[in-house]
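Good morning, and thank you for making time for this presentation. I shall ask you to keep the sequence and the model in view while I speak.

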Amino acid sequence: MALPKGILNVAIMRQRKLRGGQGPQTESWDRSHPESMALWRDAYLESLGARNYSENTLASRRDAFRVFLSWAADRELTKVTQITRPILEAYQRWLWKYTKTDGKRLGISAQTSRLGALKDWFRWLTKRDVLMHNPASELEMPRQEKRLPGAALSASQLAALMALHNVADPLGLRDRAMLETLYSTGMRRAEVCRLELPDYNAERRTIHIRRGKGKKDRMVPVGEQAIMWLEKYLIYARPRLCIDTRTQAFFLTGYGGPFHPDVVSRYVSKWMDQAGLTGSCHTLRHTCATHMLDGGADIRFIQQLLGHESLETTAIYTEVSIRQLQDVHRRCHPSGQLAAAVENR
């Protein structure tokens, strides 16, 4: 089936843009045939963009297609009509055996993400009568592993992490304020990077998170300790980091611009290492949720704080937090009552 004229024009324009030097040409797949997978991949991604999918989702899908189309090209498979269920199952086995440069295999979640992109793509192609039947309809996804997130930081570990920075220095004060914000609110790294001045309300002690995961907004509370450091940062550090007064980004780099999420990740990982810890931005998010659960917070409020769409995602913290289980064990298990029995002798 030939590509509709509008979609074909989009694909051609994208090729011309790459050839014109306006972006690196990293793809060399065959687009000469109307049934070429590369052309239909372009059309599919355009449709996701038109349906307001997030850039993170689009980037993830592009990466999944890059791997699959390269694998297919090595086997002289360039057309969507050439793909069958056995071919997809062969690709699935290849993903399972694939070894990264660090010698490790792809995680189950990474395999599932890449196969899920293909399943959605072939479903989309079938709905548009590009294919007579969906070769991925009966493709069985990898069985998910149930893994717990890393342990939450203890109070002493948090104190060691927070004490790293020289708060007399504008950059150190900024770094302390950023860490306090991550721990107090459970924000994701990208959400911290997108935070702008109008989103913070010290009087109401809230932060308005805009365009969170899934492009969803939410309002989160900020603890008094974090408020204290945020106010110090706004008074003493940010004015010295700000080059253009029109800049609305809340946390500024040493160059006066907003942070990139990858930079924040590198910073936090480095600080964790300096404090003798192992962790990342997500460790602080886990710690926030676990400490709230230990403090007696209802899991539904934690779900709202973290911006989880499903309560099942938040429920994992009930397995991470062991304090409540320890209390029950101490009261109900015979070995937990040994100390009390000795004291009563």
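Let me begin with a definition: a residue is called buried when its relative accessible area is under 20%, exposed when that area is over 50%, and partly exposed in between, using a 1.4 Å probe and protein chains only. What you see is a predicted model, in which local features need pLDDT of at least 70 and side-chain atom pairs count only at pLDDT 80 or more, while totals for chains, interfaces and linings use all residues. Residues are numbered from 1 along each chain as its sequence is written, and side-chain values use heavy atoms, with hydrogens and water left out.

First, the chain as a whole. Its secondary structure amounts to 16 helices and three strands; these are DSSP runs numbered from the N terminus, with helices being H or I of at least four residues and strands being E of at least two. The chain has 345 residues, and 40% of them count as buried. A contact, in what follows, means heavy atoms within 4.5 Å. Among contacts in the chain with a separation of 6 or more, 58% are between residues 24 or more positions apart.

I turn now to the sheet. The three strands form an open sheet in the order S1-S2-S3, with antiparallel pairing; two strands are taken to pair if DSSP finds at least two bridges between them. Which strands stand at the edges? They are S1 (200–201) and S3 (218–221), each with a single partner strand, so one side of each has no neighbour in the sheet.

S1 is joined by two bridges to S2, residues 206–209, and the two run antiparallel. Asn201 has Thr206 of S2 as its bridge partner. The hairpin of S1 and S2 has four residues between the strands, and there Arg205 takes a positive phi near 60 degrees.

Thr185 belongs to helix H7, and with a relative accessible area of 0% it is buried. Beyond its neighbours within four places in sequence, Thr185 contacts Ile207, Val220, Pro221, Val222, Cys288 and Leu305. A polar atom of the Thr185 side chain lies 2.7 Å from the backbone oxygen of Thr181, and one lies 3.3 Å from the backbone nitrogen of Met187.

Thr185 also brings us to helix packing. Two packed helices are described by the angle between their axes and the distance between the axes. Axes here are lines fitted to C-alpha atoms, for helices over the stretch in contact, and angles run from 0 to 180 degrees between N-to-C directions. H7 (residues 170–185) and H11 (residues 281–294) pack at about 45 degrees, with axes 7 Å apart. H7 and H11 are therefore oblique; angles under 35 degrees count as roughly parallel, over 145 as roughly antiparallel, 65 to 115 as roughly perpendicular, and the rest as oblique. From H7, the contact uses Leu179, Leu182, Tyr183, Ser184 and Thr185; from H11, Leu284, Thr287, Cys288 and His291. By class, these are five nonpolar, four polar and no charged residues. Nonpolar covers Ala, Val, Leu, Ile, Met, Phe, Trp, Tyr, Cys and Pro; charged covers Asp, Glu, Lys and Arg; the others, Gly among them, are polar.

H11 has a further contact, with H10 (residues 261–274): their axes come within 8 Å and cross at roughly 75 degrees. H10 is thus roughly perpendicular to H11. Val264, Ser265, Val268 and Met272 of H10 meet Cys281, Thr283 and Leu284 of H11, giving five nonpolar, two polar and no charged residues.

Finally, Arg85, in helix H4 (residues 85–97). Is Arg85 buried or partly exposed? At a relative accessible area of 32%, Arg85 is partly exposed. Apart from its neighbours within four places in sequence, Arg85 contacts Pro135 and Glu138. The side chains of Arg85 and Glu138 are joined by a polar contact of 2.9 Å, that is, a pair of N or O atoms within 3.5 Å; within protein, one must be able to donate a hydrogen and the other to accept it, and residues adjacent in sequence count only if both atoms are side-chain atoms. Thank you.
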